[in-house]
Amino acid sequence: MPPGSVIGILGGGQLGRMIALAAAPLGYRCAVLTPEEDSPASQVAWHTIVAPYDDAAALERFADLSDVVTLEFENVPAQAVAALAARVPTAPDERVLAVTQDRLKEKTLAREAGLATVAFAAVERGDLSAMRETVGFPAILKTRRMGYDGKGQRRVDTLEAAERACRDLGDSLIAEAVCPFELELSVIAARSPGGEIRAFDAVENAHENHILRTTYAPARIAEAVRAEAQEAARRLAGRLALVGLLAVEFFWSPEAGLLVNEMAPRPHNSGHWTIEACRTSQFEQLVRAVCGLPLGDPARRHDATMTNLLGAEADDWAEPVADPDTHLHLYGKAEVREGRKMGHVTRLLPLGSHIADGNG
Ligand SMILES: Nc1ncnc2c1ncn2[C@@H]1O[C@H](COP(=O)(O)OP(=O)(O)O)[C@@H](O)[C@H]1O
Ligand SMILES: [Mg+2]
């Protein structure tokens, strides 16, 4: 796709904002479709259509403006993506979304790819029989679709609690064994239309209240584990044959090794450190992939620690902006809510710092 072409972005959040900021130096324009007025992405995009994702006329206009459509939010209705795909190439495509919108399909794909996961079972309309057989208690019940930041999931220790959770969470659930992980890792892999696949370093993620708090790049774990996680992410990206990015989250413990938890076909919060610390950022890599440019070099040039600024924490921007080793990103969100991702800071460290400090 030549410079001057238009990348359509479904979704107006901070991921869309950072995609648009990475597209501009390569000469592309971005059009955003989002239900939200004055969204983080629209503040830096060339054009925005404010409409719900199921507005047929808006989808048509958006498709006609765009030379390719990508997304920063994967839980868009399948019909919306189908309507777009009839008029414009979408990357990733409907086939990929059908898997990555559904936790049960994701885990099934991981198993088919020869990768380990926690024990899991489908729970349809409150039928707990498969769960009692293959998962047992304690377990985590999750909605198969639409969950994020720990929403739509509950830990259950007894059958009665599981029955209650089924009533609260809905008809289509997955039950998972609780993984006593020591570390959560993630890897972002990019795949080009020609099938080239390149992965960023494996990072370590610390969550608070199910929301990502801090990412350590690289993960403070043995090199062999990091390499195994990269290989797993590359394998899943290849199996899905997606164009764009695939972010894969893992659990790791010495007993169970590496287990695939979930995946997302888009830039990921745990990849924000790549903006300053890698030769190519996750956002530029996505732009390269969807526009059919050669993929960039994901090599890490620094170690990094990325910390999300949640809610009112973003009010303390004066300190990081004055620190020469720290890069401040604010997303332009007017409304402050508790736990809302308002921005992040990335602190650069010399190569090798995390391994020297850490438990690896
Ligand atoms: N099977 C599990 N065992 C232990 N912890 C889990 C399990 N599933 C989820 N968690 C914890 O909850 C967090 C959020 O769950 P996740 O499946 O990643 O959903 P999402 O990020 O979409 O909300 C995980 O990062 C992990 O800390
Ligand atoms: Mg997750």
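Guide: Ser186, Val187, Ile188, Phe200, Asp201, Val203, Ser270, Gly271, Trp273 and Thr274 line the largest cavity. A cavity is a set of points on a 1 Å grid over the protein atoms alone where a 1.4 Å probe fits but cannot get out; lining residues have an atom within 4 Å of a point. This is a predicted model: local features need pLDDT of at least 70, side-chain atom pairs count only at pLDDT 80 or more, and totals for chains, interfaces and linings use all residues. Residues are numbered from 1 along each chain as its sequence is written, and side-chain values use heavy atoms, with hydrogens and water left out.

The largest cavity holds about 40 Å³ of space. Volume here is the space filled by probe spheres set on the points, which are joined across faces, edges and corners. By class, its lining has five nonpolar residues, four polar and one charged. Ala, Val, Leu, Ile, Met, Phe, Trp, Tyr, Cys and Pro count as nonpolar, Asp, Glu, Lys and Arg as charged, and the others, Gly among them, as polar.

Strand β9 gives the largest share of that lining, three residues. Strands are DSSP runs of E, at least two residues, numbered from the N terminus. β9 spans residues 183–191 and pairs with β13 in the antiparallel sense over nine bridges. Pairing takes at least two DSSP bridges between two strands. Arg191 stands opposite Gly244 in β13.

With three residues between them, β13 and β14 form a hairpin.

Notes. Chains are lettered from A and ligands numbered from 1 in the order in which they are written. Helices (H or I, at least four residues) and strands (E, at least two) are DSSP runs, numbered from the N terminus. On a 1 Å grid over the protein atoms alone, a cavity is a set of points where a 1.4 Å probe fits but cannot get out, and a pocket is an open set with protein on both sides within 12 Å along at least five of seven lines; lining residues have an atom within 4 Å of a point.
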